[in-house]
Amino acid sequence: MRKPWALGLFLGGLLAAWLIVAPPPWGVLPLVNAEWQASGVWRLRQLVLNLSGVLSIGLMAFIMVLALRLPWMERLLGGMDQVYRLHKWAGIGAGVFALMHWGAKESGSFIRDVWSTAGRPARDVVLPWAVQWRSTAKDIGEIAFYILMALLVLTLWQRLLNYRNWRWTHRVMPVIFLALALHSILLMPQVYWAQPLGVLMAGLFAAGALASVISLLGGIGKARTHRAHVHSIRLLGPSEAHSPLEVVCAMPATWQGHRPGQFAFVSFAWVEGAHPFTIASAPDALGTSAAGEALVRFIIKPLGDFTGSLVHRLSEGQVVNVEGPYGAFDAQGNPSRDQVWIGAGVGVTPFIALLEARQRDVLGSGDMPQGAPSTEMHYCTRDAAEDPLLPRLRQLCANAAEPVQLVVHDEAAGERLSGKVLQRAGRKPLDIWLCGPQGLVHSLRRACRAEGGRRWRLHHELFAMR
């Protein structure tokens, strides 16, 4: 719920600042008077043009800053996955307002033909030094707008491009922002600059421009990127095309550790870029390498062209860049609630890390949690008999310091998880931690709404980073 609030507050602040300089009653009321109808339509066009421009470029500056993956944003929003989802919706909003801005601009000829030019307001007075650049600013804005619309379509229609090609097209965004920021600075009414709106927009232009430069120079996440190397590789199953791959990385001294349930952006190849993978091991669970380097495990399912070819691309000793850790999928719920963990397929990986951290030999007798809520683990698998992760999961649940009841839902046997499976008479309220496909997320969300948001609280990581 933090994402809608953050986006709403940002848009509300921009709107409030704009209303201070908007002419009351916003020039629209003459529409109800036939004598002044043409004047009202022209004033409405002018207001939509200005407001949509302010909201669009403001949101674009916002998404450029969000793209920096700053730690304080993660803490504020509850995880880097939440930051990326806010980034996505802010980007969609920027595209919608940009489309409104373009539509208002193009409506001039239509209004002229239908209502005439009577009452058409004079062009906004811009900054004195920007007058000579007015025509150039319009051309820059139009070209950048068409490119922005194309990128928005590619982002929303993900099947058009694989991740690698999408990543390269998305790197154009900082350039598009800088072009549209220049367009906005040159054409923004001079009266705006002397008001709080001008101060706010100047700050957004500066922040967005700085973020764009950092992005273009490859500085995103650089302070949290660690030069590791592949310690070991193991295929977890007989089929290279379908079995997950276990990759253990030896981390350098700059790695400060992680919390169970977190993920990292891992770059195995510069051309492909970084992909998010869950860290499927608890801190210190794998010990250290012969050189004293901390070991962390990633379990990677062959879901695409690149991940499917990793078994042939990787070799022991190969250098990889690991950026992170990120995320807040830590199963730290309310002690008065029972815990329900739900993993589907490779979505079980954060729970492997959480379970490893709860093993008796890790905690020690003096560290046993007292009065901890009961934990119930549900694992959804396509075929329990062939699942390479299930034996390890059973062992971890059986050896947990606090008992973890494991329930396996075997699709091959016709078993599917539903909200009804979690219902039980007299049961405490639940904290449900879910990592799995969107279909399962939607199903459990509906079940939580049916139970009431206060009784069942659903926590799930939004692992779609585009």
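How many helices and strands are there in the chain? There are 16 helices and eleven strands, where helices (H or I, at least four residues) and strands (E, at least two) are DSSP runs numbered from the N terminus. This is a predicted model, where local features need pLDDT of at least 70 and side-chain atom pairs count only at pLDDT 80 or more, while totals for chains, interfaces and linings use all residues. Residues are numbered from 1 along each chain as its sequence is written, and side-chain values use heavy atoms, with hydrogens and water left out.

**The whole chain**

Start with everything selected. Of the 466 residues, 47% are buried; buried means under 20% relative accessible area, exposed over 50%, and partly exposed in between (1.4 Å probe, protein chains only). The chain exposes about 22900 Å², and carbon and sulfur atoms supply 60% of that. Those areas come from the Shrake-Rupley method with a 1.4 Å probe, and for residues only the protein chains shown count as cover. Now for contacts (heavy atoms within 4.5 Å): among those with a separation of 6 or more, 76% are between residues 24 or more positions apart. Leucine 19 sits in helix α1 (residues 2–21) and is partly exposed at 36% relative accessibility.

**Stop one: arginine 297**

Side chains of opposite charge can pair when their charged atoms come close. A salt bridge here is a side-chain nitrogen of Lys or Arg within 4 Å of a carboxyl oxygen of Asp or Glu, and by this rule the count comes to nine. Arginine 297 has one with glutamate 246, the closest N and O atoms being 3.3 Å apart. Since arginine 297 is in strand β5 (residues 294–300) and glutamate 246 in strand β2 (residues 245–251), the pair ties together parts that are 51 residues apart in sequence. Arginine 297 also forms a salt bridge with glutamate 356, with 3.0 Å between the closest N and O atoms. Glutamate 356 belongs to helix α12 (residues 349–356), so this pair ties together parts 59 residues apart in sequence.

Now widen the selection to Arg234, Glu246, Arg297, Glu356 and Arg392, which are linked in a network of salt bridges.

For another bridge, go to glutamate 106 and lysine 105, whose side chains meet at 2.8 Å, N to O. Glutamate 106 is partly exposed at 35% relative accessibility, and lysine 105 is partly exposed at 34%.

**Stop two: helix α16**

Select residues 438–451. This is α16, with 14 residues and a reach of 20 Å from its first C-alpha to its last, close to the 20 Å expected at 1.5 Å a residue; the expected span is 1.5 Å times one less than the number of residues. Colour Leu440, Val441, Leu444, Ala447 and Cys448, which are buried. On the face turned away from the buried side, look for the exposed residues Gly439, Arg449 and Ala450. Just after α16, glycine 452 takes a positive phi of about 100°.

**Stop three: a nonpolar patch**

Which residues form the nonpolar patch on the surface? Select Ile143, Ile147, Val172, Val175, Leu178 and Leu216, with about 450 Å² of accessible area together. Patches are made of residues with over 30% relative accessible area and no salt bridge, like charges being joined within 9 Å and nonpolar side chains (Val, Leu, Ile, Met, Phe, Trp, Tyr) within 5 Å. Helices α6 (134–156) and α8 (173–187) each supply at least two residues of the patch. Leucine 178 is in α8 and is partly exposed at 32%. Buried residues of α8 include Met173, Phe177 and Leu187.

**Last stop: backbone details**

Zoom to glycine 324 and proline 325, where the peptide bond is cis, with omega near 5°. Proline 325 lies in strand β6 (residues 319–326). Move on to alanine 331, in the loop between β6 and β7, which has a positive phi near 60° and is buried at 3%. Finish at arginine 69, in the loop between α2 (37–66) and α3 (71–77), where phi is near 55°.
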